Number of protein chains: 2
Amino acid sequence: MNEAASARSEVPSPRSEAKAVRRQALLDAAAGLFAAQGFSGVSLDDIGAAAGVSGPAIYRHFAGKQAVLGALLVGVSSELLEGGRAAAAGAHPSGAGPDGLADDGAALRALVAFHVDFALSKPDVIRVQDRDFSSLAAEDQAEVRSLQLEYVDVWARTLSRLHPEASAAELRLRAQAVFGLINSTPHSVRRTTRRTAGKLLESMALAALTAPAPS
Amino acid sequence: MNEAASARSEVPSPRSEAKAVRRQALLDAAAGLFAAQGFSGVSLDDIGAAAGVSGPAIYRHFAGKQAVLGALLVGVSSELLEGGRAAAAGAHPSGAGPDGLADDGAALRALVAFHVDFALSKPDVIRVQDRDFSSLAAEDQAEVRSLQLEYVDVWARTLSRLHPEASAAELRLRAQAVFGLINSTPHSVRRTTRRTAGKLLESMALAALTAPAPS
DNA sequence: GCATTCGGTTAATGACGACTAACTGAAGGC
DNA sequence: GCCTTCAGTTAGTCGTCATTAACCGAATGC
């Protein structure tokens, strides 16, 4: 560990921030390839080639193929959780006086808008996340699972303000189903229709989240 | 081609209907394994072992690994299309007099119920279908794609009776999104809660399908 | 009964692909 | 200016498969 990259992330970067760039290029390449052909359908040579370097150069950035997938999925899970927390919090600034229902609805809308936007802008990673989870190393699996559970819980807590009578299990199921709804389409949406598709998905997601519980 | 298994499927079966049983066992085993680990994460030995025979015995039933996947996915796509047509037709018996809205609503509810039931009873195949499509041989890909498109169209036509003003593209997107909603949860639903989860998914799906179109 | 068919089995064979080894050349620090 | 570090490179190595070959033994048809 050299002094530049030591504990404190002070010194912006010498010239080997080129490394960070390369690393990101590898992650992007991997995301696209994994999304298209699945983790075990992609070779390290494929990833390297797509990033402009070839083959085992990847070992200068990651411990191995699984580690690339790990970085990808831990990254996306963290981003989702962080963004979800921000969206939920931003819409009802903690204890906003009289427990306003309006605020709660706003929080849910913000969550939905955030997730739709995320899914439409990073369809590859979204796809990989629920497709190649089982190819992760055990530890990464545990970490990703826990981040995902926490994200689901952000949704469930927000929902519980609108459906105080519903069980936690039902709210989590609703959240998961809506993730499926939102995540299932990005592949087939043309870039030009992103905005309109996004609005439609938001409307459908909110309708599903607030649909009456069956008897 | 012996006389028993010739063009006309008359003679029920000699004693080598054991073959049909074995073939189905192989397909079931493959479905489970593919769902859990992805097409290229599973070896022929794995599939054979799971079906009680080991290794290259599979070549007595299928041309190769890809052919197993092909049989699986063409089968599920056909079942979905057939079942969807039946559900849509059963609910409004062709030209049922005065173009009743009630009938159209019933057709949609029947479609939703059919798909929910299918997804909950065969979660493995559902998972494989949208996960390993890209591992199919080109011809199988074409066939599956066309069956899927036709299935989406059954939904879109049914929806168009309720939303005559909506574009075909919007209706197809709605259908796809709802497939995502329904298909995303079977993995995580305990067998004991199938029925209640199914009811909830139906309610959410219908709400999403009839959600107002955004301005 | 007897020859054939056929579902299975266990050894090759041949690719392919993750990972390692040995080497190179350009920074960077001093 | 010299020594070290380090991102890359190319050539193995070793396992893991899909697929094929060579054999079996029980049904089946005649």
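The paragraphs below take up the conventions, the fold, the individual residues, the interface and the DNA in turn.

This is a predicted model, in which local features need pLDDT of at least 70 and side-chain atom pairs count only at pLDDT 80 or more, whereas totals for chains, interfaces and linings use all residues. Residues are numbered from 1 along each chain as its sequence is written, chains are lettered from A and ligands numbered from 1 in the order in which they are written, and side-chain values use heavy atoms, with hydrogens and water left out.

Chain A has eight helices and zero strands, where helices (H or I, at least four residues) and strands (E, at least two) are DSSP runs numbered from the N terminus. Read from that end, the elements of chain A run α-α-α-α-α-α-α-α. Of its 215 residues, 47% count as buried; here buried means under 20% relative accessible area, exposed means over 50%, and partly exposed lies in between, with a 1.4 Å probe and protein chains only. The accessible surface of chain A comes to about 10,900 Å², and 53% of that area belongs to carbon and sulfur atoms; such areas come from the Shrake-Rupley method with a 1.4 Å probe, and for residues only the protein chains shown count as cover. Among the contacts in chain A with a separation of 6 or more, 71% are accounted for by residues 24 or more positions apart, a contact being heavy atoms within 4.5 Å.

Individual residues can now be placed in this fold. Leu120(A) lies in helix 4 of chain A, residues 101-121, and Leu120(A) is buried, with a relative accessible area of 6%. Not counting residues up to four places away in sequence, Leu120(A) touches Pro186(A), Arg194(A) and Gly198(A). The C-alpha atoms of Leu120(A) and His187(A) are separated by 8.5 Å, although these residues are 67 residues apart along the chain. Ser160(A) belongs to helix 6 of chain A, residues 138-162, and at 30% relative accessibility Ser160(A) counts as partly exposed. Between the C-alpha atoms of Ser160(A) and Arg172(A), twelve residues apart along the chain, the separation is 9.9 Å. In chain B, Leu162(B) lies in helix 6, residues 138-162, and is partly exposed, with a relative accessible area of 27%; the C-alpha atoms of Leu162(B) and Thr210(B), 48 residues apart along the chain, are separated by 8.3 Å.

The next topic is the interface between the protein chains. There, 31 residues of chain A are in contact with 31 residues of chain B. The area buried between chain A and chain B is about 2,400 Å², of which carbon and sulfur atoms give 65%; buried area is the accessible area (1.4 Å probe) that two parts lose on being put together, summed over both. On the chain A side, Leu173(A), Leu200(A) and Met204(A) lose the most area to chain B, together 23% of what that side buries. Which residues does Glu170(A) touch, not counting residues up to four places away in sequence? They are Ala213(A) and, from the partner chain, Leu200(B). Glu170(A) itself lies in helix 7 of chain A, residues 168-183, and is buried because its relative accessible area is 18%, with the cut-off for buried at under 20%.

Sugar and phosphate account for 63% of the atoms of DNA strand C that come within 4 Å of the protein. The residues of the surface near DNA strand C divide into seven nonpolar, four polar and five charged; Ala, Val, Leu, Ile, Met, Phe, Trp, Tyr, Cys and Pro count as nonpolar, Asp, Glu, Lys and Arg as charged, and the others, Gly among them, as polar.

A polar side-chain atom of Lys19(A) lies 2.7 Å from a phosphate oxygen of DNA strand D, while a polar backbone atom of Leu44(B) is 2.6 Å from a phosphate oxygen of DNA strand D.

Technical notes:
A residue is near a molecule or strand if one of its heavy atoms lies within 4 Å of it. A polar contact is a pair of N or O atoms within 3.5 Å; within protein, one must be able to donate a hydrogen and the other to accept it, and residues adjacent in sequence count only if both atoms are side-chain atoms.
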